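Q: I have a two-chain model open here and would like to talk it through. Could you go over it with me, one topic at a time?

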Amino acid sequence: MVTPPKKIEVAGLQVWYGRHEVLKNLSFDVYDHEILAIIGPAQSGKTTLLKVLNRTLDSAAGATLKGTVKIDGEDIMKVRSVFDLRRKVGMVSPLPVGLPMSIFDNVAFAPQQAGLTNRTELADRVERCLRQAALWDEVKDRLRTLGSKLSGGQQQRLTIARALSHQPEILCLDEFSIAIDPVTTMRIEEVLKQLRSQMTILLVTNLVQQAKRLADRTLFLLSGDLVEIDRTDVIFSDHPAQRKTYEYVNGIFG
Amino acid sequence: MRTASGLEIRDTADLKSALPSGRIRPPDPCKEQPAPDPVSTRFTETRFSRRKQRNERVAQTVFLGMTLLMILPLLLIVGYLFYQAWPILSWDFLFTNPKHGMRAGGLWSPLLGTIYLVAISLAIAAPVGVLAAVYLNEYARNNWFTRIIHLAVVNLAGVPSIVHALFGLGAFVLFAGLGRSILAASLTLAIMTLPVIIASTKEALSSVPMSFREACWCVGATRWQTIRGVVLPNSISGILTGIILQVSRAAGETAPIMFTGAVFFKAIKEGDPFAYGLFDQCMALSMHLFTISTQVPDVPPALPYGIAVVLLATVLSVNALAIVLRIYLRSHKKW
């Protein structure tokens with residue numbers, strides 16, 4: 001089997017909040033065009049791991065970091081522009097944030113700030129992202145209304161559309177399905193499967209079944225330790241390498 | 001097992017045995033339900049519930065009373081001032097200089113002086129204050145240096161105005177060589193209002209939820225793009241309100257301008273809004289009121305009240321503007 005090129009290489013990653021060690025010496029690779037699910041109980045450092053990737057951890061008070069993270073072979077701690085890095089890494093937060101501007105502007109904000117001014121191109125981009133996030137049909141007639149007035153589930157999809165709007169190469173989703181109904185969740189899962197051809201997807205989820213449905217590989221974190229990373233069918237088989245993995249995905253603990 | 005409301009609770013083993021199919025069916029409305037207790041105990045009055053209601057009424061009355069107590073003096077003051085000042089109020093009163101050793105005439109010169117002082121001091125304090133607050137709230141990291149600045153701002157806001165006056169006298173009038181002038185007085189007022197503007201602007205900025213900023217950063221926006229795109233548009237009403245409320249403070253203060261640029265008497269060209277120059281001395285309403293009431297004998301009784309009414313009306317009309325502005329901007333508030 002030919003190994004696909006590595007998109008993200010994490011080596012010896014340690015993160016502390018003050019004295020508390022949240023990520024303990026993680027090393028793993030993420031391949032290009034795969035869906036990697038990150039599972040684990042609360043407080044295991046899943047969200048922190050994503051924050052390292054787009055360096056929003058920089059602005060967290062008291063966080064210190066050791067080890068290297070490379071995206072496309074480039075150390076993200078040494079990139080020239082952290083803003084270009086963040087454009088490369090789309091992020092969807094667990095709680096939906098509709099920015100207090102129109103639906104159109106919510107999606108057009110990132111491309112505009114990146115210098116895209118052509119009206120028709122911008123409109124195309126907005127429509128494509130909203131379609132990808134399974135929101136277009138619901139909002140196409142009211143793109144000028146406020147994004148923050150949408151319902152919670154719609155705002156979550158708006159957040160996904162916004163994360164897609166700057167055409168990231170890596171899309172990180174942090175429990176995106178927390179605020180949306182099962183039907184929409186399934187629709188977005190379908191979208192993610194299609195998006196895999198265009199980008200690498202990291203999916204933090206508390207729903208182990210979602211990881212099973214979507215992911216090529218699954219990473220199991222337990223209080224900052226990388227317990228196991230392997231193909232999803234192995235993780236969810238009866239004989240994963242670690243006993244704890246089996247217990248977690250089968251709901252025996254956690 | 002029965003609860004007070006009469007619902008029957010079965011444990012899960014019970015449920016399973018009752019429903020062999022394993023599915024939980026909703027209770028059938030046609031079938032006989034367990035009858036509710038003949039006298040529901042839930043809504044009857046008890047000693048506790050009566051006491052709760054009485055406390056509620058007492059609390060409401062007390063708070064209402066305090067509110068009325070607060071409004072009453074204001075209404076009395078305004079009413080009394082208008083009553084006393086009524087004979088002297090007219091358009092001429094606004095647009096003529098004081099005459100006959102300030103015992104007659106109007107208050108064009110002090111009115112224009114106050115407008116100059118307030119406008120210039122805010123033109124200096126507002127941009128500096130707002131930009132400083134944006135830095136402190138959006139850029140500065142939370143370290144000892146920022147905390148010291150914050151502490152300094154808060155304490156500066158509590159410095160008595162007469163201290164600002166002495167500082168203004170030393171720094172602007174003497175050291176900077178501006179002399180006693182509108183500019184020196186305005187700068188002193190600006191120093192006085194600056195910390196309050198910084199504090200109120202910071203307050204307005206920090207009322208914008210952090211998640212909005214994070215969402216912007218996550219799509220690769222810089223700090224400035226985030227501030228311009230999301231933070232400022234959503235805090236502008238609070239920022240403007242904070243600034244406008246400083247108008248009344250700047251207009252009302254006597255002490256800071258007394259040593260730095262305001263004079264007892266100065267006649268200027270009537271009806272000319274540009275009658276003062278930056279380096280002229282000027283009259284001011286607050287100072288004029290003080291002079292008329294304490295330094296000048298045989299003043300017609302209505303005159304000081306007239307000045308007070310004009311001062312009050314100026315300040316209140318600016319505050320009214322602030323309220324209208326706030327209502328307008330709030331109606332556009334977006335979350």
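Q: What percentage of the residues in chain B is buried?
A: Of the 335 residues in chain B, 34% are buried, where buried means 20 or more other C-beta atoms within 10 Å of the residue's own, exposed means 12 or fewer, partly exposed lies in between, and the C-beta atoms are placed from the backbone. This is a predicted model, in which local features need pLDDT of at least 70 and side-chain atom pairs count only at pLDDT 80 or more, while totals for chains, interfaces and linings use all residues. Residues are numbered from 1 along each chain as its sequence is written, and chains are lettered from A and ligands numbered from 1 in the order in which they are written.

Q: And how many helices and strands does chain B have?
A: Chain B has 12 helices and two strands, taken as DSSP runs numbered from the N terminus (H or I of at least four residues for helices, E of at least two for strands). In sequence order the pattern is α-α-α-β-β-α-α-α-α-α-α-α-α-α.

Q: At what angle do H2 and H12 of chain B pack?
A: Helix H2 (residues 47–85) and helix H12 (residues 302–330) of chain B pack at about 130° with their axes 8 Å apart, the axes being lines fitted to C-alpha atoms over the stretch in contact and the angles running from 0 to 180 degrees between N-to-C directions. That makes H2(B) oblique to H12(B), since angles under 35 degrees count as roughly parallel, over 145 as roughly antiparallel, 65 to 115 as roughly perpendicular and the rest as oblique.

Q: Which residues make that contact between H2(B) and H12(B)?
A: H2(B) brings Leu81(B), Phe82(B), Gln84(B) and Ala85(B), and H12(B) brings Ala302(B), Tyr305(B), Gly306(B), Ala308(B), Val309(B) and Leu312(B), a contact being two C-beta atoms, placed from the backbone, within 7 Å. By class there are eight nonpolar, two polar and no charged residues; Ala, Val, Leu, Ile, Met, Phe, Trp, Tyr, Cys and Pro count as nonpolar, Asp, Glu, Lys and Arg as charged, and the others, Gly among them, as polar.

Q: Staying with chain B, is H5 mostly buried or in the open?
A: The number of buried residues among the 14 of H5(B) is one, so this helix lies largely in the open.

Q: Now the interface: how many residues of chain A are in contact with chain B?
A: There are 21 residues of chain A in contact with 17 residues of chain B. Helix H2 (82–88), helix H3 (103–113) and helix H6 (152–165) of chain A each supply at least two residues of the side that touches chain B, and H2(A) gives the most, with four residues. That side of chain A has 11 nonpolar, six polar and four charged residues.

Q: How do H3(A) and H6(A) cross?
A: Their axes come within 7 Å and cross at roughly 25°, which makes H3(A) roughly parallel to H6(A). The residues in contact include Ile103(A) and Val107(A) of H3(A) and Leu158(A) and Ala161(A) of H6(A).

Q: Last topic, where is Arg55(A) found?
A: Arg55(A) is in the loop between helix H1 (46–53) and strand E4 (63–71) of chain A, and its phi is near 55°, a positive value in a residue other than glycine. With 19 C-beta neighbours inside 10 Å, Arg55(A) counts as partly exposed.
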